[in-house]
Structures are given as structure tokens and as C-alpha cells.
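Take a walk through this model, one chain at a time. Start with the overall fold, then turn to single residues.

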Amino acid sequence: MPAYPSPQVASKVYVLVSRLKGIAVFVVSYLYAALFYLATAVLIVGVGRRILLYSRTPAPLKIPTTPAPTSTPGVVARMFREVVFFESLFKSNKWTWLFGWAFHFGLLLALLRHLRYFTDPVWSWVAFIQSAGVYAGYAMVFGLVGLWIRRLAVDRVRYISAPSDHLMLALILGIAGSGLLMKYVWHTDVVALKTYMLGLMSLQIKQLPADPMLLIHLALVICLMIIFPISKLLHAPGLFFSPTRNQADNPRERRHMPTNA
Amino acid sequence: MSAGRLILLGVCMVTALVSANTPAAADAPVFPRGKGEQCVEPTQIMRKNHMEFLVHQRDDTVYQGVRTTKHSLKNCVDCHVQKNSAGQFIPIDAPGQFCQSCHEFASVKLDCFECHATMPDEGHAKLGNIPGNMESGAATLTAHAFSKKPFNDAAQ
């Protein structure tokens, strides 16, 4: 008796396996489509609701962190420096600034680089930043690892760290790591992926390339989108509503009206 | 207008901009088929890993001196290049051609052809075989560079 199956059996097994694969791809494509629609709705509605809440929260006290600008253009300039350079963090702690700034700008560049999956034809400036965007992934990992070491190694920071602080770092590190692994080790079919994403945007469900690393990457991104409106990650919109940052130091010139932020 | 409404407006504008730039139903790029029945590797694997095969082949060839043809870029071009109605080769990195159509779609820069030829080298062979020019195409090229004649004349 030969140790291998007869050609008839082998071909039946082949047909069965390819049918099972087809069913798996179908299920995965629809599952991820449903999750993406859900996550997008949660992200937009959740963050929108938070922003409304923030904008309606009264700021009863005049408490800009001094020295503060004395005019509105001055406040805009200060907010700009805060958002772009993380000025106050730079003044308070150089290491945290280095890791935090590297991470955030890596994240920004990586996000912008991913616009190529959602636009057709790809905008010229998105095409232009593609090569720089690869290094953004490294900057993210560098920053996140640095921030996590800080959280574990600095006594006072470890003491005030909640599980969610670690979870956020793990989640985003997982996204950056799986992205880099796809770029350099386990590639996926980016053309099929883009077709799937453009399909989602026009409410058509195409086939998602079912590569494990891609599925991990996308699942983590979906988690991030869902968790964003109920997490510390809200510091992104929240920064603009901080009374200590968005107020001008002009209480004698103009009476403070504490009804709104 | 409060800052909150301003941000909401911004989010709406970005969303509108992105959706306005998305075609109703974008399909994967269409490109001409290669000559043979089957590529040197299964199609699904080529779609993901063709760049790895090419870089690996380059390392084998340049560093180890192992010169095989299975994953050679020259063979990719030979099989996938197209001719226009006049029977001339179309560069494989031209819009809509085999390499460029997907690279354009996915916005991945094609840097192979900054050095490598984008079509089979019949043109160069002709260039070298002009009667009375025994040395090589290089001499012809040099002569033409000095004569300031259009380059294409040499091949005819």
C-alpha cells in the first residue's frame, strides 16, 4: 500500500480545503467589515459627544498657567507650541518629552501614510511622505518603549500607573509592531487590502486578504477606535479645553465670565 | 463659535473631503497578463513577496556570484512587457503597465528602473550591431552623444 492518498482522494481533499479557505475568507471579510463600521460609529459619535461635553463644561476660575499670554492671539500661539512642540512637557521633563514627542509625531506621520489605503488616486503629498512614513513606525516603537520603561522603572510613576495606562501602551505598541512586521517580515497583499478598504467606504464588502499579521493589526486598530472615546486618549481633544492652557492672562482688562470654557 | 463646534466642523470637513475623493466603487487595478501560463511562483505568493524574491536574487548574484534566472528582474520584464500597436515595447513602468498599475494604486515607489531596463534589450543589441561598429554599443552611444543626433536614429 502506498503511504500517500490516491489522486482521487487527494483532489477531493484539495477541493475541500480550498472551499473551507473560501468560507473562512468570506466570514473574516464580513466580520471585519461589521467591526469596522461599528468601531467608526463608536469613534465618531463617542468623541463628538465628548467634545460637546467638554465645550459645555463651565470653567469657573481664571487659571491660566503663568507666565501666560495676555491676548487671544497669544493664547493661539501658545496652544500651537503646546500641540506641535509639547512645550510645557519639554520644560518639565526632557526624557518624557523625548519619548512622548517621538511617539506622537511618528503616530501622526504613520496615520497620514495610511491615507494611501483610503484615497484613489493617492494624493500627491501622501505619496511624497511614503518613504518617511516607514521611519515613523520606528519612532513610534522607540517612543512607546521609552514611555513604558519610564512607567515601570520610575518609582513615583509606577505607583500612580493604573492597568489601563499599561494597556494603552501595549495596544499601541502592538499596532506599531504588527505594522512593522507586515512591512518587513510577513507581507500582505496591499492592493487587495486597499480594494477592501475602498469597498468599505462605498458600502461594498470585498475580499480581505486573510493574513494573520494583517488580521492582528486591524483587530488592534478596531480595539483602539472603540476604546478611544472612553479612555485617557481623549487628551487629544481635551488639550484644547484645558483652562490652564486656553485662557489669556487678562482678568483686570476683561471680567471672567465662567459660563463657558 | 465655541472651540467644540469648531473642532466638530473640522472633523466633518475632513470626512467630507475624504469621501469626496473616494470613487463610488474602486476596483483593483487592471493590467496586462504575462506571456506564460504560470509565473515562477504562485500568483498569491508573488503578490505579497515579489520584492523579497528580487532582492534575494540580487544578493545571490552580486554578493555570492550565483547567477540564476528564476527570480531575475530581466525575466520578469521579458514576460510581462507589452508592445504598442506599432510593435514597439512599452516601458513596464509606464502608467497602466504591469509594474506601474499596482505600484501607482498602492503608492509604492518603483525604484528598480532607476538602474534596470524597463524593456527587453533588443534595442541595445541592435545598437551594438550596426555594421562598421565592431566594438560595442558604447562606441555608438559615444559617437551619437557627440553628433547631437536624436538617439533613436542609431537603432534604425
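Helices here are DSSP runs of H or I with at least four residues, and strands are runs of E with at least two, numbered from the N terminus. The model is a predicted one.

Begin with chain A. From the N terminus on, its elements read α-α-α-α-α-α-α-α-α-α-α-α. That comes to 12 helices and 0 strands. The chain is more spread out than a compact globule, because its radius of gyration is 24 Å, well over the 18 Å that the globule rule gives for 261 residues. The C-alpha trace spans about 95 × 40 × 35 Å along its principal axes.

How much of chain A is buried? Of its 261 residues, 38% count as buried.

Now follow the loops of chain A. Helix H1 covers residues 7-56 and helix H2 covers 72-85; A:Pro67 sits in the loop between them. A cis peptide bond joins A:Thr66 to A:Pro67, with omega about -5 degrees. Another cis bond links A:Asp120 and A:Pro121, where omega is about 0 degrees. A:Pro121 belongs to the loop between helix H4 (94-113) and helix H5 (124-128). Why point these bonds out? Most peptide bonds are trans.

Phi of A:Phe86 is near 55 degrees, a positive value in a residue other than glycine. Most residues other than glycine have a negative phi. Is A:Phe86 buried or exposed? A:Phe86 has a relative accessible area of 13%. The cut-off for buried is under 20%, so A:Phe86 is buried.

Move on to the segment after helix H12 (243-246), where A:Asn250 lies. A:Asn250 is also buried, with a relative accessible area of 11%. Which residues does A:Asn250 touch, not counting those up to four places away in sequence? They are A:Lys62 and A:Thr70. With A:Lys62, the side chain of A:Asn250 makes a polar contact of 3.0 Å.

Turn to chain B. It has 6 helices and 2 strands. Along the sequence the pattern is α-α-α-β-β-α-α-α. Of its 156 residues, 26% count as buried. Residues 24 or more positions apart account for 48% of the contacts with a separation of 6 or more. Chain B exposes about 10900 Å², with 60% of it supplied by carbon and sulfur atoms.

B:Phe89 is in strand S2, residues 89-90. B:Phe89 counts as buried, at 18% relative accessibility. B:Pro42 is 47 residues away from B:Phe89 along the chain, and their C-alpha atoms are separated by 26 Å.

B:Ser107 is the other stop. It lies in the loop between helix H4 (98-105) and helix H5 (122-128) of chain B. B:Ser107 is buried, with a relative accessible area of 10%.

Conventions: Residues numbered from 1 in each chain as written. Chains lettered and ligands numbered in written order. Predicted model: local features only at pLDDT ≥ 70, side-chain atom pairs only at ≥ 80, totals over all residues. Heavy atoms only, no water. Buried < 20%, exposed > 50% of the residue type's maximum accessible area, 1.4 Å probe, protein only. Polar contact = N/O pair within 3.5 Å; in protein donor to acceptor, adjacent residues only side chain to side chain. Contact = heavy atoms within 4.5 Å. Rg over C-alpha atoms; globule rule 2.2 N^0.38 Å. Areas by Shrake-Rupley, 256 points an atom, 1.4 Å probe, with all protein chains shown as cover.
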